[in-house]
Amino acid sequence: MAKGYQSYRGRRSAGTRLLIAALVIILVGACCFLLAQEYIAYTDDGGMYLDLPFGRIDLPTPPPAAEPPEDEPPADGTEDGPALPDAPAVDLVVEPAPEPDAPPEPEEEPYGERRLAALEVLPADDAALSAQLSAAGANGFLYQVRDNTGAVRYASAAALSKAVVQDGPGMDLVKALCAGEGLAVAQFNCLHDSFFAWENMKEAAVCQRNGFVWYDNHSYHWLDPEKALARSYVISLAVECAQMGFDELVLEELAYPSAGRTGKIDYSGNTMTRSEALVLLLGQLREALAPYGTRLSLLVSEKLLLSGSDEATGEDLTALLPMVDAVYVDTADPAAAKARLTELAGENAPALVVMGADGIRTALNS
C-alpha cells in the first residue's frame, strides 16, 4: 500500500440516513400493528379500541363509505337498486266468479184466451161436455149458477133452500165437469135476489122507508151489500162455486138497483156510500176466493164502460177494476172498449172479454 494512504471508508449522506430511519420506523410500526391485532376489539356502532392488559384505548372510527350516485349501478353489480323493506303480509281473499244469470222464464199469459160455450143445461158427464165444446170450437164453458131472481141452479148446500132449483145438477156432477178439460166459468148474479132478501128484510135487503123490502119494476128484491148478512150470504155461495172447481166467477149486477121506484128506497141508515159498499163486498169476495185460485171478473154494459161510473147504482169502475181479472162486455167496437178500459184502469187494466151479439154464447179474449 502506498505510504500516506489508508483504505476509503466513505461517508453516508443525510438522505440515506433518513431513508434508513424511515424504514426502521415502518418496520417497527408493522411489527407493532401485527402485535396489536391480538388486542383490537370493535364496538356495536363500528368503532375500534385496544383491549390491552393494562387498559382500553379507543381508536378513531373510519368514515363511512360514500354511497354511489342514484344514476350509477350499486357497487355489487346488481341493477335493482337498494333492497326495499318487506311489504306487510296481506291475506288474499279470492271471490268466486259469479254464476251467470239464468235466462228469464217466459211470462205466462196472465189471463188467457176465452172461447166459451154458454150452457143452459149441464151435460151428463165429462165426455158429453168435451163433445159439446169440440163442436162449438170452444175451450171452456160458462154456466149461470145464480140468476137475477136469486135462484141457485145447482144442488147447493150453502143457499137458502127455497132458492135452489129443483132440477139443478148435483154438486158432484158440477165438480166432475169442472175437473175435466177446458175452462169452467160460473156466471154469478151478486145482489139481485128475491129469496134471501125476502127472508131477511131488515138484516140483508134493500128496504123502503116503511121498513118493508123494496121491489123493482119486475117485482124482484135486492140485497144491500152494506149489511153484513147480505155479504156473508153472497160470499158463502161464491166460495161453494170455487170449491166445486170453477176457474172463474163472472160477477153480474154487482150494483144497487136503478130501475123501478128507487125514490122509495131508504138509505138513511147506511154509514157508507153505495160505491164504498160495493168495493167492500168485492174485496171480501176476492179475499175469500184467493185460497182456491179462482179468478173474479165483472160483467158490465158498454154504457157503463164508456161512462166509467153510475151514481145511482154505485158502480165506479176506477175503484172496481183494479180488483178483478177481466171485464166481460157486449160491444161492436172491441178496440174502443179496450182503450177505454186502459184509460180507466191504467197499465194494469184487467183483460177485456168481448161477448157475442147473442149474449154470452161466444166470448173471445181481445
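**Close-up views of a predicted model**

**View A. C241 is buried, with a relative accessible area of 0%.** Here buried means under 20% relative accessible area, exposed means over 50%, and partly exposed covers what lies in between, with a 1.4 Å probe and protein chains only. The structure is a predicted model, in which local features need pLDDT of at least 70 and side-chain atom pairs count only at pLDDT 80 or more, while totals for chains, interfaces and linings use all residues. Residues are numbered from 1 along each chain as its sequence is written, and side-chain values use heavy atoms, with hydrogens and water left out. A search of the whole structure finds 0 disulfides, a disulfide being a pair of cysteine sulfur atoms within 2.5 Å. C178 is in no disulfide, and its nearest cysteine sulfur, that of C241, is 8.5 Å away. C241 is likewise in no disulfide, with the sulfur of C178 as its nearest cysteine sulfur. C178 is buried, at a relative accessible area of 7%.

**View B. The side chains of E248 and R114 meet in a salt bridge, with 3.0 Å from N to O.** A salt bridge is counted where a side-chain nitrogen of Lys or Arg lies within 4 Å of a carboxyl oxygen of Asp or Glu, and by this rule the count comes to 7. This pair links distant parts of the chain, since E248 is in strand β7 (residues 248–252) and R114 is in the loop between β3 (55–59) and β4, 134 residues apart. Helices (H or I, at least four residues) and strands (E, at least two) are DSSP runs, numbered from the N terminus. E248 is buried, and R114 is buried too.

**View C. A salt bridge of 3.0 Å, N to O, joins the side chains of E199 and K162.** E199 lies in helix α4 and K162 in the loop between β5 (140–146) and α3 (171–179), so the pair ties together parts that are 37 residues apart in sequence. E199 counts as partly exposed at 39% relative accessibility, whereas K162, at 58%, counts as exposed.

**View D. R286 forms a salt bridge with D325, and their closest N and O atoms are 3.5 Å apart.** R286 lies in helix α7 (residues 274–289) and D325 in the loop between α9 (317–320) and β11 (326–330), so parts that are 39 residues apart in sequence are tied together by this pair. R286 counts as partly exposed, with 31% relative accessibility. Salt bridges that share partners join R286, R295 and D325 into one network.

**View E. W198 and F212 form an edge-to-face aromatic pair, at 5.7 Å centre to centre and with 85° between the planes.** Rings of Phe, Tyr and Trp (its six-membered ring) pair if their centres lie within 6.5 Å, and planes under 30 degrees apart count as stacked, over 60 as edge-to-face and the rest as tilted. A search of the whole structure finds 4 aromatic pairs. W198 is partly exposed, with a relative accessible area of 42%, and F212 is partly exposed at 35%.

**View F. L19, L23 and I26 make a nonpolar surface patch of about 320 Å².** Patches are made of residues with over 30% relative accessible area and no salt bridge, where like charges are joined within 9 Å and nonpolar side chains (Val, Leu, Ile, Met, Phe, Trp, Tyr) within 5 Å. Accessible areas come from the Shrake-Rupley method with a 1.4 Å probe, and for residues only the protein chains shown count as cover. L19 is found in helix α1 (residues 14–36), and at 52% relative accessibility L19 counts as exposed.

**View G. S219 has a positive phi of about 65° although it is not a glycine.** S219 has its place in the loop between α5 and α6. E253, also not a glycine, has a positive phi of about 55° and is found in the loop between β7 and α7. At 26% relative accessibility, E253 counts as partly exposed.
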